[in-house]
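Let's take a look around this protein together. Keep the 3D view open while you read.

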Amino acid sequence: MRCQRPVHARLLHVLLAWLALVAAALVPARVSAQPAGTIRIIVGYPAGATSDALARVVGEAMGRQLGQTVIVENKPGAGGRIGNELVKAAPADGTTLLMTPVATMAIFPHSYAGQLRYDPLKDFAPVTHLTNFQIGLGVASEAPVKSLAEYVRWVKGDPAKNSFYGSAAAGSIPHFFGVMFARAAGIELTHVPFKGTADAMTALAGGQISALSTVAADIRSLVQGGKARLLAVAGEQRSPAFPDVPTFREQGYDLVASPWYAMFAPAGTPPATVQRLHAAIAAAMADPATRQRILDMGLEPTGYGPERLAAILKADHEHWGPPIRASGFKPGQ
(Lines give C-alpha, C1' and ligand atoms only; values in the text may rest on other atoms or scores of the structure.)
Protein backbone atom coordinates (compact mmCIF):
# COMPACT_ATOMS: atom_id res chain seq x y z
CA MET A 1 0.00 0.00 0.00
CA ARG A 2 2.95 2.33 0.74
CA CYS A 3 4.18 2.07 -2.90
CA GLN A 4 0.83 3.20 -4.36
CA ARG A 5 1.07 6.72 -2.95
CA PRO A 6 4.06 7.81 -5.05
CA VAL A 7 2.43 6.32 -8.15
CA HIS A 8 -0.79 8.22 -7.53
CA ALA A 9 1.18 11.40 -6.91
CA ARG A 10 3.13 10.97 -10.12
CA LEU A 11 -0.09 10.33 -12.08
CA LEU A 12 -1.68 13.42 -10.56
CA HIS A 13 1.40 15.48 -11.43
CA VAL A 14 1.30 14.23 -15.03
CA LEU A 15 -2.42 14.98 -15.29
CA LEU A 16 -2.02 18.50 -13.96
CA ALA A 17 0.86 19.17 -16.33
CA TRP A 18 -1.22 17.93 -19.27
CA LEU A 19 -4.13 20.16 -18.28
CA ALA A 20 -1.79 23.13 -18.06
CA LEU A 21 -0.52 22.48 -21.58
CA VAL A 22 -4.07 22.23 -22.90
CA ALA A 23 -5.03 25.49 -21.19
CA ALA A 24 -1.97 27.22 -22.59
CA ALA A 25 -2.81 25.97 -26.07
CA LEU A 26 -6.32 27.37 -25.76
CA VAL A 27 -5.20 30.90 -24.85
CA PRO A 28 -4.01 31.83 -28.38
CA ALA A 29 -7.30 30.53 -29.79
CA ARG A 30 -9.28 32.87 -27.54
CA VAL A 31 -7.03 35.83 -28.30
CA SER A 32 -7.20 35.14 -32.04
CA ALA A 33 -10.97 35.67 -31.96
CA GLN A 34 -10.13 39.35 -32.44
CA PRO A 35 -6.62 40.47 -33.38
CA ALA A 36 -5.27 43.48 -31.56
CA GLY A 37 -4.72 46.73 -33.40
CA THR A 38 -6.80 49.13 -35.43
CA ILE A 39 -10.13 48.10 -36.94
CA ARG A 40 -11.08 49.76 -40.23
CA ILE A 41 -14.70 50.38 -41.23
CA ILE A 42 -14.90 50.90 -44.98
CA VAL A 43 -17.70 53.15 -46.25
CA GLY A 44 -18.16 53.24 -50.03
CA TYR A 45 -19.48 56.81 -50.02
CA PRO A 46 -17.98 60.28 -49.41
CA ALA A 47 -17.79 61.94 -46.03
CA GLY A 48 -20.90 63.88 -45.12
CA ALA A 49 -23.59 61.35 -46.02
CA THR A 50 -25.67 59.50 -43.44
CA SER A 51 -23.75 56.28 -44.12
CA ASP A 52 -20.51 58.01 -43.15
CA ALA A 53 -21.97 59.65 -40.05
CA LEU A 54 -23.53 56.38 -38.88
CA ALA A 55 -20.27 54.50 -39.34
CA ARG A 56 -18.42 57.08 -37.26
CA VAL A 57 -20.95 57.04 -34.42
CA VAL A 58 -21.04 53.24 -34.29
CA GLY A 59 -17.29 52.92 -34.75
CA GLU A 60 -16.53 55.33 -31.91
CA ALA A 61 -18.81 53.49 -29.47
CA MET A 62 -17.67 50.08 -30.73
CA GLY A 63 -14.04 51.02 -30.12
CA ARG A 64 -14.83 51.79 -26.49
CA GLN A 65 -16.45 48.38 -26.09
CA LEU A 66 -13.51 46.54 -27.64
CA GLY A 67 -10.77 48.69 -26.18
CA GLN A 68 -9.39 49.11 -29.70
CA THR A 69 -9.02 51.97 -32.14
CA VAL A 70 -11.73 51.98 -34.82
CA ILE A 71 -11.35 54.26 -37.83
CA VAL A 72 -13.65 54.99 -40.76
CA GLU A 73 -12.19 55.05 -44.27
CA ASN A 74 -14.24 56.56 -47.10
CA LYS A 75 -13.73 54.75 -50.41
CA PRO A 76 -16.34 56.39 -52.67
CA GLY A 77 -17.08 55.42 -56.22
CA ALA A 78 -19.32 53.24 -58.38
CA GLY A 79 -22.27 53.74 -56.07
CA GLY A 80 -20.54 51.98 -53.18
CA ARG A 81 -19.23 49.02 -55.17
CA ILE A 82 -15.57 50.00 -54.72
CA GLY A 83 -15.90 49.75 -50.95
CA ASN A 84 -17.48 46.30 -51.22
CA GLU A 85 -14.67 45.08 -53.47
CA LEU A 86 -12.02 46.32 -51.05
CA VAL A 87 -13.58 44.52 -48.10
CA LYS A 88 -14.08 41.34 -50.13
CA ALA A 89 -10.31 41.25 -50.73
CA ALA A 90 -9.34 42.19 -47.15
CA PRO A 91 -7.95 39.69 -44.62
CA ALA A 92 -10.74 37.73 -42.95
CA ASP A 93 -9.45 38.42 -39.45
CA GLY A 94 -11.91 40.97 -38.08
CA THR A 95 -9.74 44.03 -38.70
CA THR A 96 -11.66 45.24 -41.78
CA LEU A 97 -15.43 45.75 -41.87
CA LEU A 98 -17.89 47.07 -44.43
CA MET A 99 -20.68 49.46 -43.48
CA THR A 100 -23.12 49.60 -46.37
CA PRO A 101 -26.78 50.16 -47.23
CA VAL A 102 -29.02 47.47 -48.64
CA ALA A 103 -28.48 48.75 -52.19
CA THR A 104 -24.99 47.33 -52.70
CA MET A 105 -26.06 43.94 -51.35
CA ALA A 106 -29.64 43.34 -52.53
CA ILE A 107 -30.23 45.83 -55.36
CA PHE A 108 -26.99 45.96 -57.35
CA PRO A 109 -26.93 42.19 -58.02
CA HIS A 110 -30.05 42.78 -60.13
CA SER A 111 -29.49 46.29 -61.47
CA TYR A 112 -25.88 45.44 -62.36
CA ALA A 113 -26.44 41.78 -63.17
CA GLY A 114 -23.27 40.23 -64.57
CA GLN A 115 -21.17 43.31 -63.80
CA LEU A 116 -20.46 42.98 -60.07
CA ARG A 117 -17.08 41.78 -58.91
CA TYR A 118 -18.49 40.46 -55.66
CA ASP A 119 -21.30 38.14 -54.57
CA PRO A 120 -23.15 39.61 -51.58
CA LEU A 121 -24.32 36.19 -50.43
CA LYS A 122 -20.92 34.46 -50.69
CA ASP A 123 -18.19 37.05 -50.28
CA PHE A 124 -19.25 38.58 -46.95
CA ALA A 125 -20.00 37.45 -43.41
CA PRO A 126 -23.02 39.25 -41.91
CA VAL A 127 -22.14 40.91 -38.60
CA THR A 128 -24.85 43.36 -37.48
CA HIS A 129 -28.02 44.93 -38.91
CA LEU A 130 -27.61 48.51 -37.71
CA THR A 131 -30.68 50.54 -38.68
CA ASN A 132 -33.68 50.88 -40.92
CA PHE A 133 -34.28 54.12 -42.79
CA GLN A 134 -36.68 55.80 -45.20
CA ILE A 135 -36.40 56.90 -48.81
CA GLY A 136 -37.92 60.26 -49.70
CA LEU A 137 -38.53 62.56 -52.66
CA GLY A 138 -37.52 66.16 -52.12
CA VAL A 139 -37.51 69.36 -54.16
CA ALA A 140 -35.71 72.66 -53.75
CA SER A 141 -37.54 75.17 -51.59
CA GLU A 142 -38.02 77.44 -54.62
CA ALA A 143 -40.08 74.79 -56.41
CA PRO A 144 -43.78 75.77 -56.35
CA VAL A 145 -44.94 72.35 -55.12
CA LYS A 146 -45.92 70.95 -51.73
CA SER A 147 -47.27 67.50 -52.64
CA LEU A 148 -46.71 64.69 -55.12
CA ALA A 149 -49.80 65.74 -57.06
CA GLU A 150 -48.47 69.28 -57.45
CA TYR A 151 -45.03 67.93 -58.39
CA VAL A 152 -46.51 65.75 -61.14
CA ARG A 153 -48.43 68.70 -62.57
CA TRP A 154 -45.31 70.86 -62.36
CA VAL A 155 -43.23 68.33 -64.30
CA LYS A 156 -45.92 67.89 -66.94
CA GLY A 157 -46.20 71.66 -67.31
CA ASP A 158 -42.54 72.06 -68.33
CA PRO A 159 -40.79 68.67 -68.63
CA ALA A 160 -37.74 70.14 -70.38
CA LYS A 161 -37.00 72.19 -67.28
CA ASN A 162 -38.54 70.31 -64.34
CA SER A 163 -37.99 66.63 -65.11
CA PHE A 164 -34.42 66.25 -63.81
CA TYR A 165 -34.07 64.34 -60.56
CA GLY A 166 -30.90 63.17 -58.87
CA SER A 167 -29.76 60.32 -56.64
CA ALA A 168 -26.52 59.38 -54.91
CA ALA A 169 -25.76 56.63 -57.44
CA ALA A 170 -27.10 54.98 -60.58
CA GLY A 171 -28.81 51.68 -59.80
CA SER A 172 -29.39 52.54 -56.14
CA ILE A 173 -32.71 52.26 -54.33
CA PRO A 174 -33.32 56.04 -54.62
CA HIS A 175 -32.64 55.85 -58.37
CA PHE A 176 -34.87 52.83 -58.74
CA PHE A 177 -37.56 54.49 -56.66
CA GLY A 178 -37.49 57.49 -58.97
CA VAL A 179 -37.96 55.18 -61.97
CA MET A 180 -40.90 53.43 -60.31
CA PHE A 181 -42.53 56.68 -59.23
CA ALA A 182 -42.26 58.16 -62.72
CA ARG A 183 -43.98 55.11 -64.18
CA ALA A 184 -46.68 55.13 -61.52
CA ALA A 185 -47.30 58.85 -62.05
CA GLY A 186 -47.24 58.66 -65.85
CA ILE A 187 -44.45 61.21 -66.23
CA GLU A 188 -41.01 61.22 -67.83
CA LEU A 189 -38.17 61.90 -65.42
CA THR A 190 -34.50 62.21 -66.35
CA HIS A 191 -32.13 60.66 -63.85
CA VAL A 192 -28.91 62.46 -62.90
CA PRO A 193 -26.54 60.20 -60.91
CA PHE A 194 -23.98 61.63 -58.51
CA LYS A 195 -20.96 60.25 -56.66
CA GLY A 196 -22.63 60.43 -53.31
CA THR A 197 -25.45 62.15 -51.47
CA ALA A 198 -23.46 65.27 -50.57
CA ASP A 199 -22.91 66.13 -54.25
CA ALA A 200 -26.56 65.43 -55.04
CA MET A 201 -27.78 67.70 -52.25
CA THR A 202 -25.46 70.48 -53.39
CA ALA A 203 -26.92 70.17 -56.89
CA LEU A 204 -30.48 70.33 -55.54
CA ALA A 205 -29.78 73.39 -53.42
CA GLY A 206 -28.01 75.03 -56.35
CA GLY A 207 -30.82 74.39 -58.83
CA GLN A 208 -28.91 71.97 -61.08
CA ILE A 209 -31.66 69.36 -60.56
CA SER A 210 -35.37 69.82 -59.86
CA ALA A 211 -35.80 66.97 -57.38
CA LEU A 212 -33.82 64.48 -55.36
CA SER A 213 -34.71 60.86 -54.57
CA THR A 214 -32.68 60.11 -51.47
CA VAL A 215 -32.43 58.73 -47.98
CA ALA A 216 -34.83 60.97 -46.08
CA ALA A 217 -32.30 61.42 -43.28
CA ASP A 218 -29.74 62.74 -45.76
CA ILE A 219 -31.92 65.62 -46.93
CA ARG A 220 -32.85 66.58 -43.40
CA SER A 221 -30.18 69.27 -43.16
CA LEU A 222 -31.45 70.97 -46.33
CA VAL A 223 -35.04 70.79 -45.08
CA GLN A 224 -34.12 72.21 -41.70
CA GLY A 225 -32.09 74.93 -43.40
CA GLY A 226 -35.05 75.94 -45.58
CA LYS A 227 -33.30 74.91 -48.80
CA ALA A 228 -35.45 71.88 -49.65
CA ARG A 229 -38.91 70.45 -49.10
CA LEU A 230 -39.64 66.75 -48.58
CA LEU A 231 -42.77 65.70 -50.48
CA ALA A 232 -43.11 62.04 -49.50
CA VAL A 233 -41.43 59.11 -47.73
CA ALA A 234 -41.57 55.49 -48.87
CA GLY A 235 -42.16 53.65 -45.61
CA GLU A 236 -45.16 51.67 -44.49
CA GLN A 237 -45.70 54.52 -42.04
CA ARG A 238 -44.50 58.10 -41.77
CA SER A 239 -40.96 58.72 -40.61
CA PRO A 240 -40.62 59.77 -36.93
CA ALA A 241 -38.09 62.33 -38.18
CA PHE A 242 -40.69 63.84 -40.57
CA PRO A 243 -44.10 63.27 -38.94
CA ASP A 244 -45.76 65.89 -41.15
CA VAL A 245 -44.57 64.32 -44.42
CA PRO A 246 -47.08 61.82 -45.87
CA THR A 247 -46.05 58.50 -47.40
CA PHE A 248 -46.27 57.69 -51.09
CA ARG A 249 -49.21 55.42 -50.28
CA GLU A 250 -51.06 58.22 -48.50
CA GLN A 251 -50.78 60.25 -51.70
CA GLY A 252 -52.11 57.50 -53.95
CA TYR A 253 -48.94 55.65 -55.03
CA ASP A 254 -48.44 52.07 -53.86
CA LEU A 255 -44.67 52.38 -53.47
CA VAL A 256 -42.98 51.07 -50.32
CA ALA A 257 -39.35 50.30 -49.43
CA SER A 258 -37.69 49.11 -46.21
CA PRO A 259 -33.99 49.85 -46.69
CA TRP A 260 -31.30 49.39 -44.06
CA TYR A 261 -27.66 49.86 -43.10
CA ALA A 262 -25.58 46.92 -41.90
CA MET A 263 -22.05 45.81 -41.03
CA PHE A 264 -20.30 42.95 -42.83
CA ALA A 265 -16.89 41.27 -42.64
CA PRO A 266 -15.04 39.40 -45.39
CA ALA A 267 -16.22 35.84 -45.97
CA GLY A 268 -14.20 33.35 -43.97
CA THR A 269 -13.98 35.54 -40.87
CA PRO A 270 -14.03 33.10 -37.92
CA PRO A 271 -17.49 32.80 -36.30
CA ALA A 272 -16.00 33.64 -32.89
CA THR A 273 -14.62 36.87 -34.31
CA VAL A 274 -17.94 37.75 -35.95
CA GLN A 275 -19.78 37.14 -32.69
CA ARG A 276 -17.30 39.26 -30.73
CA LEU A 277 -17.65 42.12 -33.21
CA HIS A 278 -21.43 41.88 -33.14
CA ALA A 279 -21.49 41.82 -29.34
CA ALA A 280 -19.41 45.01 -29.25
CA ILE A 281 -21.60 46.74 -31.84
CA ALA A 282 -24.84 45.66 -30.15
CA ALA A 283 -23.58 46.88 -26.78
CA ALA A 284 -22.50 50.17 -28.34
CA MET A 285 -25.90 50.70 -29.95
CA ALA A 286 -27.67 49.88 -26.68
CA ASP A 287 -25.90 52.79 -25.02
CA PRO A 288 -28.57 55.52 -24.59
CA ALA A 289 -26.30 58.33 -25.82
CA THR A 290 -25.26 56.41 -28.93
CA ARG A 291 -28.82 55.34 -29.62
CA GLN A 292 -30.02 58.95 -29.38
CA ARG A 293 -27.33 60.11 -31.81
CA ILE A 294 -28.59 57.53 -34.30
CA LEU A 295 -32.21 58.57 -33.78
CA ASP A 296 -31.18 62.18 -34.31
CA MET A 297 -29.97 61.18 -37.79
CA GLY A 298 -33.51 60.10 -38.66
CA LEU A 299 -32.60 56.41 -38.48
CA GLU A 300 -34.23 53.55 -36.57
CA PRO A 301 -31.64 51.59 -34.54
CA THR A 302 -32.00 47.80 -34.69
CA GLY A 303 -28.83 45.88 -33.74
CA TYR A 304 -29.92 42.50 -35.12
CA GLY A 305 -27.32 39.73 -35.06
CA PRO A 306 -25.57 37.82 -37.87
CA GLU A 307 -28.24 35.16 -38.36
CA ARG A 308 -31.11 37.62 -38.62
CA LEU A 309 -29.11 39.92 -40.91
CA ALA A 310 -28.35 36.96 -43.18
CA ALA A 311 -32.08 36.15 -43.38
CA ILE A 312 -33.00 39.78 -44.11
CA LEU A 313 -30.35 40.02 -46.83
CA LYS A 314 -31.55 36.82 -48.49
CA ALA A 315 -35.19 37.94 -48.37
CA ASP A 316 -34.42 41.40 -49.82
CA HIS A 317 -32.21 39.88 -52.51
CA GLU A 318 -35.14 37.73 -53.62
CA HIS A 319 -37.70 40.53 -53.21
CA TRP A 320 -36.02 43.18 -55.35
CA GLY A 321 -35.10 41.00 -58.32
CA PRO A 322 -38.53 40.75 -60.02
CA PRO A 323 -39.55 44.44 -59.81
CA ILE A 324 -36.13 45.66 -60.99
CA ARG A 325 -36.22 43.31 -63.98
CA ALA A 326 -39.83 44.28 -64.69
CA SER A 327 -38.89 47.98 -64.66
CA GLY A 328 -36.58 47.47 -67.62
CA PHE A 329 -33.78 49.31 -65.81
CA LYS A 330 -30.36 49.16 -67.45
CA PRO A 331 -27.11 50.66 -66.12
CA GLY A 332 -26.59 54.12 -67.54
CA GLN A 333 -30.23 55.17 -67.30
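## Finding the pockets

On a 1 Å grid over the protein atoms alone, a pocket is an open set of points where a 1.4 Å probe fits, with protein on both sides within 12 Å along at least five of seven lines; lining residues have an atom within 4 Å of a point. Grid points are joined across faces, edges and corners, and a volume is the space filled by probe spheres set on the points.

This is a predicted model, where local features need pLDDT of at least 70, side-chain atom pairs count only at pLDDT 80 or more, and totals for chains, interfaces and linings use all residues. Residues are numbered from 1 along each chain as its sequence is written, and side-chain values use heavy atoms, leaving out hydrogens and water.

The largest pocket holds about 380 Å³. Asn132, Gln134, Ser239, Pro240 and Glu300 are the closest to its centre, out of 17 lining residues.

## Salt bridges

How many salt bridges does the structure hold? There are 10, each a side-chain nitrogen of Lys or Arg within 4 Å of a carboxyl oxygen of Asp or Glu. One of them joins Glu60 and Arg293 (3.6 Å, N to O). Glu60 and Arg293 also belong to a salt-bridge network with Arg64.

Glu236 and Arg249 form another, at 2.9 Å, N to O. Glu318 pairs with Lys314 at 2.7 Å, N to O.
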